[in-house]
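Dear colleague,

Please find the structure below, handed over for your study.

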Amino acid sequence: MKRVITGNQAVAYGVILSRVDVISAYPITPQTTIVEELSELIASGRLKTKFLKVESEHSAMAALIGASTGGVRTFTATSSHGLAYMHEMLHWASGARLPIVLVNVNRALGAPWNIWGDQSDSLSQRDTGWIQLYCENNQEVLDTILQAYLIAETVRLPVMVVLDAFVLSHTSEPVEVPSMEEVDSFLPPFCPDYPIDTQEPRAYSVITTPEYFLEFRYKVQKAMEEVPEVSRKVDDEFRSRFGRGYGAIERYGKEEAEVVLVTSGTVTSTSRMVIRKLNEEGWSVAGLKIKRFRPFPSEEIYGAIKGAKKLAVIDRNLSAGVGGIFAQELRAALYPKEERLPVFGFVSGLGGRDITPELIEEAIRYTYQHPRPEEEILWLGLKK
Amino acid sequence: MPKQFTFKSVSEMPMISVSLGDMEWNKTGAWRTQRPFYEDKTPPCSAACPAGNDIVAFIQKIAQEDFEGAWNVIKEENPFPGVCGRVCFYPCESRCNRGSFDEPIAIHALERFVADFASRLNKKTAKAREKRKERVAIIGSGPAGMSCAFHLARLYYDVTVFESFSLAGGMLRMGIPSYRLPRNVLDRELSNIEALGVEIRTGVSLGEDLRLEDLKDYQAVFIATGAHRSRGLHIPGEKEKGVLSGLDLLKKINLSKRGKLGDKIAVIGGGNTAIDVARSVIRLGKKANILYRRSREEMPAFEDEILEALEEGVKIRYLVNPIRVGQKDGLKRLECLRMELSEKDESGRRRPVPIPNSNLFIDADHVIIAAGEEIEASFLPEGLEKKEGIVLTQRDGSTGIKGIFAGGDLTSNQRTVAHAIGSGKKAAMAIDAFLKGTDAEEVIIQNLIGEGPSLSIFGYLHPGERLRNPHVVTFEELNMDYFEPAKRQGESKSAVKERIKGFKEVSSTLSEGVALDEAERCFSCGTCNECENCYVFCPDGSILKREELFPHQVDYDYCKGCGICFTECPRGAISLKGEAK
Amino acid sequence: MKKIQIPLEENLGHGHLACAGCGAAVAMRLTLKALGEKTIMVFPASCWSIVPGSWPYSSFRITAIHAGFVTAGATASGVRAALDVRGDHDTLVAVWAGDGGTFDIGLQALSGAAERNENFLYICNDNEGYMNTGTQRSSATPLLAWTTTTPVMQPKENPKKDIMAIMADHQIPYAATATIAYPEDLIRKLEKAKGIRGTRFIHLFSPCPPGWKMASEMSVKISRLAVRSRIFPLYEIENGRNYTIQEEHRVVPVKEYLKLQGRFSHLTEKDIETTQRNVDDTWERLQRRARCFI
């Protein structure tokens, strides 16, 4: 059924349809309407979900670790400082192989204080062992949540679903909301690997010495390596049932393009427009949307950039000292290749600054006009 | 074998660090630098008991409501609990560690309780045992002789006791009045000994009916003829009519023979005999006046006896000593001197010194001399050494004559029933060693209670069954955290008016409830009584309950030697020693 | 003869790595006897991260979930939620946390859970310091005590945090103090707590031989002296208002307690007087709090 809903409402639908058992969350702008929506639904009795209104985000993740160990499907949502606050528990969740799904509304991290869109929060967590999936529109948000549970429960790693602050979270778009029955036939119930049985007592997360720790981490890495295959299957399955699929990446624009513009999140929507316009003017540009950031879709990207001469990346984030994170990951992915395309790393839109079509065009032009980037970091829209 | 895992490959490992086994393989016993072990030690009460009673053990049984079990414990060491529970001077109670906390346990009352309980059991008499070929003769059926007979019979010897009087019992029958020791109690405990196959021949006196040569038919002889002669005062008039020996008078009274006694009776002396005489005389409706040459503190009589005597109307005059027995108007007139106390003599008591010109006169119908007992030695075999009024023996009771042992009041100045009973037990053990050709001295040393001199025969009869460290437990070694002050409950006594009407027993046996309460107060010094503190407080669950030598065992595989069990044992029944490397 | 009665089932195995004489090991063994097998015990970082052994072994004979240091109150809330969603309302969710994980770094999560009256039984094993990391001070460390971060030249300057008052003021249904020298009392309180719904808090005092510089055989004795000297009184608070203070009739001066521990050996006579005054003061304050709602 088609509804016109905000990104946050789409999240709430996704959670309900996934039959989440335990939610634990702490409000933070711009995630708040997610928890408000869910509270209403639970209070109205439509869900038998338990919602633990904890006193901090750190506790939210800890509570879900407890609940997930207890063998139920779990969910939380947060943003920015909230996500940063739960950082140590993100590590714990993946190490404990708990298929928790977290929705993060991308928002800048202070200081200075800022509540608007920025990918630095989710990307700062890229080492925590969580799968990260970025969304371009509200439909994708809802769909990604449904897929996220299936991926998580198959590989046994937690998944972070990311959407942009305000632009998606608080903006209404038309979204096809599937029925509960449809989702039930797609997403089976959660079956924990080591269910708790008090008659056969066990200790969980027992301290592990250097003797064995390496092997447990190896297993986490191996699980990550299964993700491309698993998520492809899940996406295919989803597509066959719901008619919509996303892939780890999406290439659009000119077939054999000289310049490929790499984006993620809502910037992609704007980029589609700009690239179409430029190609109509005779340029040779393609766009590459990265949906799955973790594990980084290197194989898929190689296929998608065949024939290109230059890559331009627009990063709505900054790792100070290095630059944009997508750019950094991309360069690392390209390193083993014989042909190392120049990567133009553009940083823009931090703290919710609009990434306008003009800025995107500027980036593409620059890339066209320069054989190599003249600087490590190319700032778009900086007030010089 | 506790399970241990080794993973050689990541593929063998589970996905997460969920536990697969326990830590039983980790024998933390290897950490120890000191090791606790259960070790019963000697309680001070047993160490003080001249008869060698296993006091803590029988009190534990009472506390468990196993009264018959308590009786069995007592019987291992002492055939006379009914007697001791009534007449003993209970040195055990002065050494009782509970006395340092609130009040000592009423041990003698508990001993009596058990004996009286046992008397109500309808036990079949013991089957006559098959005896060894060795025969032992015992001269004297007092507490020493009968105790020796009892233990020798348990060792399967053929024992014959020769008693010069017509009834057995010695001083128990003749010297102790029935209001202290009822006749039926004495008779019962004597017949228990006879039931083991001991033959008592009464009316047989050594030297007259039984010649010394006859003793050669026996492989060993134990002479325990006691001290039945009254010591004289060596004052003029002592041998006249109206002056009687205290022992003789008691004998008459105790055998229910009534002579003619005047109204006013003067008793000279300060020991139990003097008190017994005075209290007996009161019961015959007379007035009793004790004259003692020292003060109350020095009186050797048992404190309880003195108090009861005073309650019953006996008058005691202290620091007064007769120097002559005269006559005046049909009464005996005692001329006395007042005394004062100077320095201590060899008995540790202050010496009485006459005050010159302090003469006073005390009149009485009869004068009873109860100033001590002496042994009668005329019938004893030649070759027995005597000194200062006793027959000398080695520590094991042997005399200069091979095969002849002696004990009881005959051989000691510590003249109490308990000492006599202990002496008889020692002689039995020594005689057994002698007849088997083993070292009697060694036997004694092995079986001392604490430092001695009391002996236990249980360890001799059941080697290895009850091991005890001879260390005597002090109050400081106990843990008072586990005890609450509780009043001592003793026996009740009948009212004075009732008491002096006749010779019925003055005190009554404890009721079951009171006996249980009192037994609960016992600290059980040095002896595990399964309170299970050790089991409760062990951080490593390394105290196991097992029915072996002791109720608990330390699991040395895991015990880390922390010592908590040692500290929390209320009674010092656990010891710590360094761990051998 | 009165025997201390405790449940027989051993739910803590042998071979664990607690120090010889560890008060917490006595406490854990007794606690697990009372809690029983139908328990899920969440335990945040503390000595007990190490004591039960490392993977693949555990000395726990009940289900135990090791959690982040900060998170006891939250993790337990999550476990409880999962059980309730699955329709299991019988399994007990318990927490075993140290004083660090309760008074300090874990206080927020605990407070949050208590405010929500989460249905679990929280046991704080208080050994008055961060003992697992090597005896650093916590807010449970008593005044003037030595720790590695409050050395003798500058011992702990602030008094012990009153965690029971804090928990009581959350108006949770049940809070109680207990210690190892009174095992039947501890077990009674645990069994009572088991039968109550909502947040239940047990403040369990456990001597630590290496951290308190005391002889290993004295753990139980010192725990008893703590109660007798009123340093650690035994009491219960129901619904934040009904106090049951257990009177101790053999009260001893604090000196008896302090002199057995090396962590107080630097105390002067004046310090001991100060400590006695503070103890008397705190006792008085407890009495007054108890009368508040009558």
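In strand 2 of chain C, C:Ile65 is the bridge partner of A:Tyr204. The model is predicted, so local features are reported only at pLDDT of at least 70 and side-chain atom pairs only at pLDDT 80 or more, while totals for chains, interfaces and linings use all residues. Residues are numbered from 1 along each chain as its sequence is written, and chains are lettered from A and ligands numbered from 1 in the order in which they are written.

Strand 2 of chain C runs parallel to strand 9 (residues 203-204) of chain A, and two bridges join them. Two strands count as paired if DSSP finds at least two bridges between them. Helices (H or I, at least four residues) and strands (E, at least two) are DSSP runs, numbered from the N terminus.

**Contact between chains A and C**

In total, 39 residues of chain C are in contact with 37 residues of chain A, where contact requires C-beta atoms, placed from the backbone, within 7 Å. On the chain C side, two or more residues come from each of strand 1 (39-44), strand 2 (63-67), helix 2 (72-85) and helix 4 (107-115). Helix 2 of chain C gives the most, with eleven residues. By class, this side of chain C has 19 nonpolar, 15 polar and five charged residues. Here Ala, Val, Leu, Ile, Met, Phe, Trp, Tyr, Cys and Pro count as nonpolar, Asp, Glu, Lys and Arg as charged, and the others, Gly among them, as polar.

**Chain C as a whole**

Chain C has ten helices and eight strands. Its C-alpha trace spans about 60 × 50 × 45 Å along its principal axes.

**Domains of chain A**

Chain A is divided into domain 1 (2-242) and domain 2 (250-379), with bounds from an automatic or database domain assignment. Their centres, taken over C-alpha atoms, are 28 Å apart. The contact between them takes 25 residues from domain 1 and 21 residues from domain 2.

Yours sincerely

Key. Two residues are in contact if their C-beta atoms, placed from the backbone, lie within 7 Å.
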